Structure formats: C-alpha cells, structure tokens
Amino acid sequence: MSYLMYILLFGLVLGLVAVASNPSPYFAALGLVVVAGVGCGVLVGSGGCFLSLILFLIYLGGMLVVFAYSAAMAAEPFPEGWGSWPTLRLMVGYVVGVGFAWGLMGKFWYEEDWLGFDGVVELSVLRGDVGGVSLMYSSGGWLLIGGGWVLLLTLFVVLELTRGLSRGALRAV
Amino acid sequence: MAPFVYSTLIISLGLGTTTTFASTHWYLAWMGIEINTLAIIPLMTQNHNPRAIEATTKYFFAQATASATLLFAAVSNAFLTGEWDILQINHPLTSTLTTLALAMKIGLAPLHSWMPEVMQGLNLLTGLILSTWQKLAPFCLIYQIQPDNPNVFITLGLLSVIVGGWGGFNQVQLRKILAYSSIAHLGWMILILPFSPPLTLLALFTYLMMTFSLFSSFMLVRTTHINSLSTSWAKIPTLTACVPLILLSLGGLPPLTGFLPKWLILQELTKQDLAPIATLAALSSLFSLYFYLRLSYTMTLTMPPNNPAGTLPWRLNPQHNTLPLALTATTTIFLLPITPTILALFTS
C-alpha cells in the first residue's frame, strides 16, 4: 500500500512539474487533469473517499472541463508542446528544486503521522469526511451560507471584470 | 456599475472584515481576508482605464501571495502544533511567517513596493477604502499575534518608517505621497506591537482619522497632483486653512492629535530600554514631515501664479458633502488635550 502511495505521490510531483513548466495552457490543463487524478488516489489512500469523489466531480468534471472549453475557444493551430528546449530547462529546474526541498525537509515526512482521520485508513469505510459534510449542513450552517454568498460574489466579480467588451477592463475581449 | 452589483461588493467588504474580526480559527480569518480582496477588485477596475487595471492586477498579485503565505503559515502551525486557534501560534517559524504574510498584506517595508503603484492607479475614494478599511482585518490578526521575539517587528517597523519617509521625498503625485505616508504610519504601529499592543491600536485609530481627513480634503478640491493642489486654495478657503493642520498632525507635531501616538510610542520604547531605536524612528519621521510641509506650503502658505479667474471658484455654489471631513478633521486637530481619556479608553 505504501508502494502505491509512493507511486501516486511521485506522479503528483511530476504532474505538478509538468503544469508549472507548461508551454501552453492546453498542456497545463492536461497536467492538471493528471495531478487531480493521482491526487484523488492519494486522498483515497488517506481515508478521504468522499472528498476524493467530490474533487473528481467538481474540480475535474466541472471546473477543468469549463477551462478546457474556454481555452479551446482561443485555440491556436500549432501550440508549443513539451518537446522544446526551454520547456526541458524549466522542467529540470523544477525537479532540481523539488530535490533540494526533499533534501532539506525529507527526514520529517516519515516520522510524523500526517493523517488526520481515525487511524484506520487505507481503503476502509470512512468516518472522517462524510461526518464533516453532515456537520457543515448542521452546526456549520452559517458558514455554508457564507460560502454560498462568496460564490455569488465571485460570480459578480468575474462578470464585472469581463463585461464591456473593448470598453471594459479586458480590452482584448 | 449597476447598483445591485455595487451593493453586493460593499456588503461583501463589510462581511469580510466582520468575519475576520469574529473568528478564532485561522481558516475563517483567512476566508474573511480573501473575501475583502475579492470584493474590492471590481471596485478598483470600475474606471476601466489601463492604469486602473494595472493597479488592480498588481494589488491582486501582492494580496494573493500574502494570503497564500498566511494560509501556509496557518496550516504549518496546525501541522507542527495541532492548533488552529489564532491565539495559539507558539512555534517561531509559523509566528514569523504569519507576521511577514500580514506585513505584505498591509504594505510594510520591505514588502511595500506594490503600495505606491496601486494607490497611484486608483481614484481617491477607492484609495481611501484601500488605506483604511482594508487595513482593519489584517490588523485584527496582527494584534492577536503574541510575539516572543520582538526583532521581526522592530525591523519591519523601523524599515517602514525610514522607507515611508525617504520614498515620499521626491513625489509630486498626491496618491503616492499618501501611500508612503501610510507605510510610515504602519511602521510606527508595528514598531510598538511587541511592547504595548494598545498603543498599536491607538496609532491605528488616529492614523485612520488623519488619513480619512486628508483623502476627503483632496477629494473635495479634486486634486491628485501638487500642481493642481497649488491652485486649489481658492476653491474652499476654510479647507485651505485646515489642511496644513491636518498635514502637520500626520507629521506628528504637537499640539495636534498626530503627536499623541508618536509621543506614547517613544515613551514606551524608552521604558523598554530601546532609546536608540526610538531616536532613529523619531529622526526618520522628519523625512515624512518634510513632504507634509511641502504640501502645506504649496496649498496654503504660497500663492503660485494663476490667472485672476482662478481666484474666484469659492463664489460658485458646489454640492459638497462635508460632514465626514468635518468630523474627522476635528478629531485630527483637537484631540491632544484629552490624552488621559484616550489612554484610559485603550488600556482598560
């Protein structure tokens, strides 16, 4: 099991390196899909099955899909891919940075228990996150309303920033 | 902007600060700060000119970086100590990281470079909201940090006082001068935080009153440059008489209110055996006094060349809402004699 987690985390870091060194937005979105996928795997392995499901549905199936369609509307015929020398330099740089951080902080990761759930983790039936969701609807009701208000606010902010066509904030629209 | 959207944004500004004020959990405090940042972005872009958009972009980058650092500090604290409570930041790493993140939020040196550029791109009203309301939520969190080592705060504070004074030296744009004055005053507030948090609050409230008066004065005569300030003496003669007093209060001269926080801060620093730091701070605020004096010189003490028609605007009948300025200018000029009352109010 820890071998599986190791593979997933390795894929996570590599995917993040790919996202950070992306040559064009479409490939960054592809990297994000990979990262979200393996991140969900890491979450499941840590006991947060419901959270992983929500991440898949909302993040991948909602936000990334919307982003992919918007990016596709501004597509260019020959986007720069990962097979270019500047991208390779960036990727090597990020991998070196990750190695540096690992060297600095690496010995702390194995000694601490970074799992916040009840201790019986791996692929068992959960208690942690679904209990949290039910709390969010009961005692955390006001925070839920606040969260909904903030979503509405974000909508207004984005609409206000992008309206007006060429007379507005984004003159290229 | 449509009234519905405008009211949503203003309500969200209030909601964000209230959330941070009411929170004991780091997550909720961070959420309130993010709501504030999000809500003010369209208010900054409502003029739709490229300079305002540039200012908004710079503001967003600086605030997003600071918020991410703040969240990282909170999560690191939970990782290292298991505590999410705001008052329980005991680990030196997370305490320092939180301080630096909040310092970037409010624009303390050396994390101040976004402040003059952002203020320059905004109209005076939005700049006023940025200088006053947006400082309240981070200050609420700064006030609750219990520092064990005062070095970070003294460094941030002293550097801010020096940078705020020295940076404003050569400026002719009033909004940049106001930004540097904000940096200097925030430096004084942070300087005294490890020794006497009530004095920080006192300095904050007096600064809010003083800067509100100055912004309102500039808004009334509609000036953003020293050149236009010099020919605005005839617009509202009473204001021309009051603005030097507001400016000298900002500079910290007795017998005006602005002397009060500086005096008490210097006294507290001396009691803590930090007389050289107190001297350095006092001497550095002479820099700020220079440009406040220059502003009062151009507005009131001299009459630059102008055509005769420029001396008659006071005869027109303008639509002014001068009540806020009247109230805050009164507090800016006349509050020094009731120092013991103010002290009792803040240290009770």
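Because the model is predicted, local features need pLDDT of at least 70 and side-chain atom pairs count only at pLDDT 80 or more, while totals for chains, interfaces and linings use all residues. Residues are numbered from 1 along each chain as its sequence is written, chains are lettered from A and ligands numbered from 1 in the order in which they are written, and side-chain values use heavy atoms, with hydrogens and water left out.

**The contact between chain B and chain A**

- Chain B brings 21 residues to the contact and chain A brings 17 residues, where contact means heavy atoms within 4.5 Å.
- The area buried between chain B and chain A is about 1700 Å², with carbon and sulfur atoms giving 80% of it; buried area is the accessible area (1.4 Å probe) that two parts lose on being put together, summed over both.
- Of the area that chain B buries against chain A, 33% comes from B:Leu38, B:His48 and B:Phe79, which is more than any other three residues supply.
- Across this interface the rule finds 0 salt bridges, a salt bridge being a side-chain nitrogen of Lys or Arg within 4 Å of a carboxyl oxygen of Asp or Glu.
- Between chain B and chain A there is 1 residue pair in polar contact, with both residues at pLDDT 80 or more; a polar contact is a pair of N or O atoms within 3.5 Å, and within protein one must be able to donate a hydrogen and the other to accept it, while residues adjacent in sequence count only if both atoms are side-chain atoms.
- The side of chain B that touches chain A draws at least two residues from each of helix H1 (3-22), helix H2 (26-44) and helix H3 (50-81) of chain B; helices (H or I, at least four residues) and strands (E, at least two) are DSSP runs, numbered from the N terminus.
- Sorted by class, that side of chain B has 16 nonpolar, 5 polar and no charged residues, where Ala, Val, Leu, Ile, Met, Phe, Trp, Tyr, Cys and Pro count as nonpolar, Asp, Glu, Lys and Arg as charged, and the others, Gly among them, as polar.

**Annotated regions of chain B**

- An unreviewed UniProt entry places the feature "domain: NADH:quinone oxidoreductase/Mrp antiporter transmembrane" at residues 23-287 of chain B; UniProt positions are given in the numbering used here, feature names are shortened, and annotations may be inferred rather than shown by experiment.
- Over residues 23-287 of chain B the model is 75% helix and 0% strand, and the end C-alpha atoms lie 38 Å apart.
- UniProt also gives, from an unreviewed entry, the annotation "domain: NADH dehydrogenase subunit 2 C-terminal" for residues 289-343 of chain B, a span that is 55% helix and 0% strand, with its end C-alpha atoms 25 Å apart.
- The UniProt annotation "transmembrane region" (unreviewed entry) covers several spans of chain B, including residues 201-221 and 325-346.
- Residues 201-221 of chain B are 100% helix and 0% strand, with end C-alpha atoms 31 Å apart, whereas residues 325-346 of chain B are 82% helix and 0% strand, with end C-alpha atoms 24 Å apart.

**Annotated regions of chain A**

- For "signal peptide", UniProt (unreviewed entry) lists residues 1-20 of chain A, which are 95% helix and 0% strand in the model, with end C-alpha atoms 29 Å apart.
- For "transmembrane region", UniProt (unreviewed entry) lists residues 52-75, 87-105 and 141-161 of chain A.
- Residues 87-105 of chain A are 100% helix and 0% strand, and their end C-alpha atoms lie 27 Å apart.

**Packing and backbone details**

- The count over all chains is 10 aromatic pairs; rings of Phe, Tyr and Trp (its six-membered ring) pair if their centres lie within 6.5 Å, and planes under 30 degrees apart count as stacked, over 60 as edge-to-face and the rest as tilted.
- The ring centres of B:Phe169 and B:Phe287 are 5.5 Å apart and the planes stand at 85 degrees, so the pair is edge-to-face.
- A cis peptide bond, with omega about 0 degrees, joins B:Ala109 and B:Pro110, and the peptide bond from B:Pro254 to B:Pro255 is likewise cis, with omega near 0 degrees.
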